[in-house]
Amino acid sequence: MWRDLKAMADKARRRGIAPLFGGGRAAAFSARFDGMLFDYSKTSMDAEARAALIALAEARGVPARREAMFSGTPINETEGRAVLHTALRNLSGGAVTVDGQDVMPGVRDTLARMRAFAGAVRSGAFKGVGGAITDVVNIGIGGSHLGPEMAVRALAPYHDGPRCHFVSNVDGADITGALAGLDPARTLILVASKTFTTTETMTNAAAARAWMAEKVADPGAQFAALSSAMGEAADWGIPAERVFGFEDWVGGRYSIWGPIGLSLMIAIGGEDFTDFLRGGEAMDRHFRDAPPEDNMPMMLALTGLWHHQACGYPTRAVLPYDQRLARLPAYLQQLEMESNGKGVDMDGRALGHGGGPVVWGEPGTNGQHAFYQLIHQGTQTVPCEFLLAARGHEPELAHQHRLLVANCLAQSEALMLGRDLETARARMKAQGFTGAELERQARHRVFSGARPSTTLIYDLLTPRRLGQIIALYEHRVFVEGVILGLNSFDQWGVELGKELARELSAALEPGSAPEGGKDGSTRQLIRYVHTQHE
Ligand code: F6P
């Protein structure tokens, strides 16, 4: 099947994209859901390729695997766990059982505790020693950081709670910058770590506790823990009433919907957070019920496979024309690359095709003035995934929003249509160029076109929309993972570096010179660091 798809991709490359239009392609190669439109018509996928991709999804068992995920079957086979982040947003659904037990009462109970605590922080009923909480600092990394940081920024127009700050890097510069100017007596620290063992987070949490202890006699009183390791959080000195737990069937990069989302809930309030969950839940229903051609996550995934596995494009760019989604590319880098950046299948055999692609991006229009040169004229094809808010939250600046929208639409049009040599020549001629110089200049102004892009357009970035968008990408990763035959829910690839870092931090202790067993380059770098501390 992959061979057939590659043959179709070769044919598509020769044909281009623009010739596909006519006969209602735009509508036919779009999926709609709840007022959102995902337009994948500006890609080289034709009806034959789409049918083959949908058949591939069926053959690889996507529908059955999807139901297995939603119903709590342990589809994370290398860790023997269910994958149930969807249970965290199952507001109106029924029981979800893991090992014969309905997990929903626990989910609802934790959500109610989060709402009560967030409400108390927001109203001032929960106080620091200096009075009502003015600042909340979320200390976490990876999935315990990227989601809340991205979402708090995305939903800034709804932010009416205390200020939120985020610390992730073990580099002391991060926490120093975040705590600068904060009053420990009115600050709440959220230690966000599923395992409660992650070096970066626990080191930063200890630094925050020391910072707070200078002004607050009982610093633990202004700490809360967001973790599935309830015992470790208690051992660390955070009282049970401020430990918000979740189960191991919620993966770190899928955890924004539960306790890891507490900073978001404190920022925007319980009602808006519930709307965010409702958005995710609505996308879940759509994903389960819509036929493949109209199924947004399915078609986003199949477009991704078409571009990476069939056409062979090595990366994809995520380009939100919505400044508040500035951190979405970083969030998706973890979601997509930690999930599908794998080289073996579920049984440990080498994949016969590529795993997931490199994902990168920046918001538009900023990216246009940075790397779009390569996207338009470089020698690699980069499929672009535009996200576009049709309206902004600043009605008084509607003219600026029109410029934003115009730029986004212009980019996808330019990528697809390009500009041929003849047109470039005519334009240069009109500017007075002649002879060899006309030829030379014209060639620099040619755009090959036939460069693919998709556009996800929505009305306005509300909590509900954001929930839908995140769930859309989660399910896209799932579908791609199932079709590729890999496990999207483990992350063994991060372990080796962690182990070696533990060894190396001992070698970097002042006065130690344990270089045995290290390669020449690493030894040289260790020695360099030591010379800086002599
Ligand atoms: O090292 C990778 C990772 O395990 C991610 O999967 C996870 O999101 C992150 O570290 C943080 O882990 P924790 O929430 O357990 O601190």
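Which residues do ring pairs link into a cluster together with F29? Select F29, F38 and Y40, which ring pairs join into a cluster; rings of Phe, Tyr and Trp (its six-membered ring) pair if their centres lie within 6.5 Å, and planes under 30 degrees apart count as stacked, over 60 as edge-to-face and the rest as tilted. This is a predicted model, in which local features need pLDDT of at least 70 and side-chain atom pairs count only at pLDDT 80 or more, while totals for chains, interfaces and linings use all residues. Residues are numbered from 1 along each chain as its sequence is written, and side-chain values use heavy atoms, with hydrogens and water left out.

**Charges over rings**

Then go to W257, where the charged end of R89 sits over the ring, 4.3 Å from its centre.

**Aromatic pairs**

The structure holds 14 aromatic pairs. Select F223 and W236, whose ring centres are 5.6 Å apart with the planes at 45°, so the pair is tilted. This pair links distant parts of the chain, with F223 in strand β10 (residues 223–227) and W236 in the loop between α9 (230–235) and β11 (243–245), 13 residues apart; helices (H or I, at least four residues) and strands (E, at least two) are DSSP runs, numbered from the N terminus. F223 is buried, with a relative accessible area of 0%, and W236 at 16% also counts as buried, where buried means under 20% relative accessible area, exposed over 50% and partly exposed in between (1.4 Å probe, protein chains only).

Next select W360 and F371, whose ring centres lie 4.8 Å apart with the planes at 70°, so the pair is edge-to-face. W360 belongs to strand β13 (residues 358–360) and F371 to the loop between β13 and α14 (372–377), 11 residues apart; W360, at 22% relative accessibility, counts as partly exposed.

Strand β7 (residues 135–139) runs parallel to β9 and is joined to it by 5 bridges, with V137 opposite I189; two strands pair if DSSP finds at least two bridges between them. Strand β10 also runs parallel to β9, through 4 bridges, and there A192 stands opposite L226.

**Nonpolar cores**

Now select W249, L262, W306 and L466, which touch the most other members of the largest nonpolar core, a set of 116 residues; a nonpolar core consists of buried Ala, Val, Leu, Ile, Met, Phe, Trp, Tyr and Cys residues joined through side-chain atoms within 4.5 Å. Helix α18 (residues 463–484) gives the most to this core, with 12 residues. A second, separate core of 23 residues includes I175, L179, M202 and A229.

**A buried glutamine**

Finish at Q309 in helix α12 (residues 296–310), which is buried, with a relative accessible area of 7%. Its side chain reaches the backbone oxygen of G355 at 2.8 Å. Leaving out residues up to four places away in sequence, Q309 touches W2, K6, G304, H353, G354, G355 and L484, where contact means heavy atoms within 4.5 Å.

Notes: Polar contact = N/O pair within 3.5 Å; in protein donor to acceptor, adjacent residues only side chain to side chain. Lys NZ or Arg CZ within 6 Å of the ring centre and 35° of its normal.
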